[in-house]
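Start with the structure itself.

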Amino acid sequence: MCGIAAAVGPGDLAAAVEAMCEQMHARGPDGGGLVRIPRDGGAAVLGNRRLAIIDPSPAGRQPMSDPARGTTISFNGMIYNFRELRDRLAGEGELFSSECDTEVVLKAYGRYGADCVRHLRGMFAFALWDRRRGELLLARDRLGIKPLYYHDDGLRLVCASQVKALLASGLVPARLSPAGLRTYLRYGAVSEPLTAIDGVRALPAGHRATYRDGRLELERYWEPPEPVEEAWVPEAGAWELRELLAESIRRHLVSDAPLGVFLSGGVDSTALAALAAREGDVTTLTVVFDDPSLSEAAYARLVADRIGSHHIEVPLSAPELLSSLPEAFAAMDQPTFDGVNTYVISRAAHEAGLKVALSGLGADELFDGYGNGRRAVRLERVRALPGPAATAAGTMVGRVLGGSRGDKARAWLRGEIEPGASYELLRGLFGAREVSGLLRGAAGADGSERPDSIDVSGDVLGQVSALELTTYMRNVLLRDADAMGMACSLEVRVPYLDDPFVERALRLPGRIRCAPEKALLVAATRDLLPAQVAVRRKHGFLLPIGGWLKNGLRAEVEAALREPPEPLASLLQTEAVGRVWESHLRDGGRWLQPWALYALCRWVESIEAPAARVLVEAR
């Protein structure tokens, strides 16, 4: 796992790439490198910070070059089929000087060109310079597990693993993006391909791009498969998924550095840890809170005892959690309402001596673990009620639920939200009208960053699951796992998102894959699950944020929302922000919205460029 950076264009760009790499030092504390390739009127420069996981010897140093072909690569990620691909390439005449997966990608490009991405199974982002073609190739894995951001000003292209690294280059104006912030307020995270910085874009998942003669061209090379009706045999089908998951875990356990499994005691992590334990000795890690309502220690211990893992418990008190907030906000590469918990467990893993951790991330999105698919089905059915009945129901439900949930339900049932937008309603943080009130110039978005509408006549369960994978998981969970994990020099791997497992699961109709309580996954792993885990309701990794806003953080949050930092203050309607805070004070259950605004303020403060240099472009 690494931090990658590259720049192509006129002038000497080495200092800019070096600055980007330095900003990403935590992503690769085991070494770094920089390669400058002169070209007409300028240069192509590639840089890298290395976290040595596979072949930690000097032979795996990056950027890595193939002198015979004139190619140089800076790679971030893990290719889980690198050994088979290496054998195939060796059989075709390729010679290798290392045991690392980076060289396999470099040689695969030499054989297959840009189509090499179709041969890669894993999580990755890379920049590869081809001197003969005078071309930079950028690529990102199918699901967007690893990030890659770029800025193209028409004169030069710069790219990196982090938005903040691009800002550190000195080549990217630190100007907030109203369009990006608009999506943050809608969903609690900026929607790709937008970012919070104007002019910086995310290379979309499942895409590659070529930059040549000052032109950047993007091309999709993968898209999720459509569900296919089939003669489903429950026992055989569940066993097929079980075998695919077991194979995925075997591949994800390959590491030349200390590795562990995040264990919460829920279905996802228990199945993961149990299958890992069947491959050999395994270390499991659980964060234990002193608040019994938050702690999952008892379930994790039950699982650890059953599988015989070396179990590590990291106790955390409320004061310790609060004291970690400055570090967590500094680690945020883009604003997020949900990243602090990921930072907490990543730091615990690092302090326990781990460099790699397996996570159960992705299972809930594939198997409707949150229940949003079933909620969307109910919402769309209720939405079809005759107008007067829907309006009356909206008034009644709004009063019963209260707060933001009641407001959402009332707006939906009264017909204020278009049919098919139930997923957007479920995942929304602020409504569209609220965002218009909070953010100056919020009107006029083209809507391209919104989740797709649901076809209510089709497979609603399957569509919602696909949206969970491509929106919430990608924009929130995967981004947080990368940024927070790498801030702690930790590689987070996600076996549930292995390409063959995901593709097989997505081909199943929603009624099978998204049965209640993740029934399909439970059926596939039941023999691994203690009875208490198999029937346990979903808990989630929670932090006492609501309590913080009432006590330990109240004065700080109130001050931040009253006077947001520049340049954010010039974009926000401070009166509307104040109303959000006042609403929280009246109804303490509505803490997520003020927390998201506070996180945004802290992220703006974390941008390294002085506030005076940050430009505001209101649109």
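In this predicted model, helix α6 (residues 234-252) and helix α19 (residues 499-506) have axes that come within 8 Å. Those axes cross at roughly 160°. The angle is over 145°, so α6 runs roughly antiparallel to α19.

**Helix pair α6 and α19**

- The crossing of α6 past α19 is left-handed.
- On the α6 side, the contact residues are E240, L241, L244 and L245.
- On the α19 side, they are P500, F501 and R504.
- Sorted by class, this contact of α6 with α19 holds five nonpolar residues and two charged ones.
- No polar residue takes part in the contact of α6 with α19.
- Two packed helices are described by the angle between their axes and the distance between the axes.

**Second largest pocket**

- The volume of the second largest pocket is about 1000 Å³.
- Its lining counts 38 residues.
- Closest to the centre of the second largest pocket are D452, A466, L467, T470 and T471.
- Two elements give two or more residues to this lining: α16 (422-427) and α18 (460-487).
- Which element gives the most to the lining of the second largest pocket? Helix α18 does, with eleven residues.
- By class, the lining of the second largest pocket has 17 nonpolar, nine polar and twelve charged residues.

Definitions and conventions:
Residues are numbered from 1 along each chain as its sequence is written. This is a predicted model: local features need pLDDT of at least 70, side-chain atom pairs count only at pLDDT 80 or more; totals for chains, interfaces and linings use all residues. Side-chain values use heavy atoms; hydrogens and water are left out. Axes are lines fitted to C-alpha atoms, for helices over the stretch in contact, and angles run from 0 to 180 degrees between N-to-C directions. Helices (H or I, at least four residues) and strands (E, at least two) are DSSP runs, numbered from the N terminus. Angles under 35 degrees count as roughly parallel, over 145 as roughly antiparallel, 65 to 115 as roughly perpendicular and the rest as oblique. A crossing is left-handed if the near helix is turned anticlockwise from the far one by less than a right angle, and right-handed if clockwise. Contact means heavy atoms within 4.5 Å. Ala, Val, Leu, Ile, Met, Phe, Trp, Tyr, Cys and Pro count as nonpolar, Asp, Glu, Lys and Arg as charged, and the others, Gly among them, as polar. On a 1 Å grid over the protein atoms alone, a cavity is a set of points where a 1.4 Å probe fits but cannot get out, and a pocket is an open set with protein on both sides within 12 Å along at least five of seven lines; lining residues have an atom within 4 Å of a point. Grid points are joined across faces, edges and corners, and a volume is the space filled by probe spheres set on the points.
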